[in-house]
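I opened the model to look up a few places and wrote down what I found. The entries follow the order in which I looked.

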Amino acid sequence: MTAETVIRDLEVSVYTVPTEGPEADGTLQWKDTVVVVVEPVLEGGLRGLGYAYGSPAMAVLIREHLRDAAVGHDVHAVTGAWEAMVRSVRNLGRPGLCSMAIAAVDIALWDTKARTLALPLHRLLGAVREAVPVYGSGGLTSYGDEELVGQLRGWAEQGIPRVKMKVGMDRGASWRRDLERVAKVRDAVGDGCELFVDANGGYGRTQALRLGREYAAMGVTWFEEPVSSDDLEGLAQLRDALPLDVTAGEYGYHLDYFRTMLDARAVDVMQADAGRCAGITEWLRVAALCAAHQTPLSAHCGPALHAHAACVPPNLRHIEYFHTHARVDSMLFDGVLTPERGELRPTERPGLGLSVRREAAERYLTPG
Ligand SMILES: [Mg+2]
């Protein structure tokens, strides 16, 4: 350890970016996206950058609880700082906002470590692939048919061979509209493009079984959160009954959650979000846990946040290229990757290869 690589401080900024218009899925509406940016400063003066989506409350947690746990650690021992942060939130509750706040710091520390070594993060982590497949994701329930079809067909035309749309509209009450919308998109994207649907837990078990059969007959290959991701028995039943991939996992905040879901045989493909499950440190452990269960892993949301880490697990299926986050990332950061031929290919810039677009970001800066 040299004094140069010891963490001196964590600077935290919150950006709140309004959506283009109303945004909703089957079970939630939102009007903005909050990005919590962490910039570690080392004793030698080098600065890094990481972030996670969530709430301004994460910034409070970072300043009041995580900063002191991370400061003083050598950034080359990221997991030491990670362990100290996890211990520091014992009485606050690890799942939820604490895990998301730890994620923002953990990702920033990995980026900073890579910068000290002048390596792109995927090389530091040990990549098994140079580029990661993506699927275009959006198709929100708040879109009219024209916007829906235009967005998904646009990705297919760009050469992304898989796209995902939301179903479960009005918590399953508007299931007839779901079927109409899926049929329209199926026609528009062509046979060469896989179609995924995500109900965000909006259906009941019997409804999901009935609609899952209809979706499978329409050529849909991925049925995400057909029922609540807490209903492990229901997911397992649907997985056995339906000829498409049943998937979930985006609300996983710690390793035990994923182990429980895997033990219940609840998913064909696990989804995990490094911005929720306490960062890249735990996300890679989730990948290993899935490998031990012969289960592929797909990264949930945040393409810029996952592109490097996703080069590492042999059992990675793909990254979600979510419209809302891709838009926000390119507004706030320089260096954001765009898909080419259906893949994201990390550059050779050090770390995550990102920098804050200070002037552009200034207008979204949220006091706190
Ligand atoms: Mg989802």
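Predicted model: local features only at pLDDT ≥ 70, side-chain atom pairs only at ≥ 80, totals over all residues.

**Entry 1**

**Entry 2: helix α6**

I checked the length of α6 (residues 175–189) next. Its 15 residues, at 1.5 Å a residue, should span 21 Å, and the end C-alpha atoms are 21 Å apart, so the two values agree.

Which residues of α6 are buried? I listed Trp175, Asp178, Leu179, Arg181, Val182, Val185, Arg186 and Val189. They cover an arc of only 165 degrees around the axis, which means that they are on the same side of α6. I noted the general rule that an α-helix has 3.6 residues a turn, so residues three or four places apart point the same way. On the other side of α6 I found Arg176 and Asp187 exposed.

What do the buried residues of α6 pack against? I found α5 (145–157), β5 (162–166), β6 (194–198), α7 (205–217) and β7. Just after α6 comes Gly190, with a positive phi of about 85 degrees.

**Entry 3: helices α1 and α2**

I then looked at where α1 (residues 57–70) meets α2 (residues 78–88). Their axes come within 8 Å and cross at roughly 145 degrees. I recorded this crossing as right-handed. On the α1 side the contact is made by His65, Leu66, Ala69 and Ala70. On the α2 side Ala81, Ala84, Met85 and Ser88 make the contact.

**Entry 4: Asp268**

Where does Asp268 lie? I found Asp268 in the loop between α9 and β9 (269–272). Asp268 and Thr247 are 21 residues apart along the chain, and their C-alpha atoms are separated by 5.9 Å. I left aside the neighbours of Asp268 within four places in sequence and listed its other contacts: Arg239, Leu244, Asp245, Val246, Thr295 and Pro296.

Methods:
Residues numbered from 1 in each chain as written. Heavy atoms only, no water. Helix = DSSP H or I, 4+ residues; strand = E, 2+ residues; numbered from the N terminus. Expected span 1.5 Å × (residues − 1). Buried < 20%, exposed > 50% of the residue type's maximum accessible area, 1.4 Å probe, protein only. Arc of directions from axis to C-beta. Contact = heavy atoms within 4.5 Å. Axes fitted to C-alpha atoms, helices over the stretch in contact; angles between N-to-C directions. Left-handed = near helix turned anticlockwise from the far one by under 90°.
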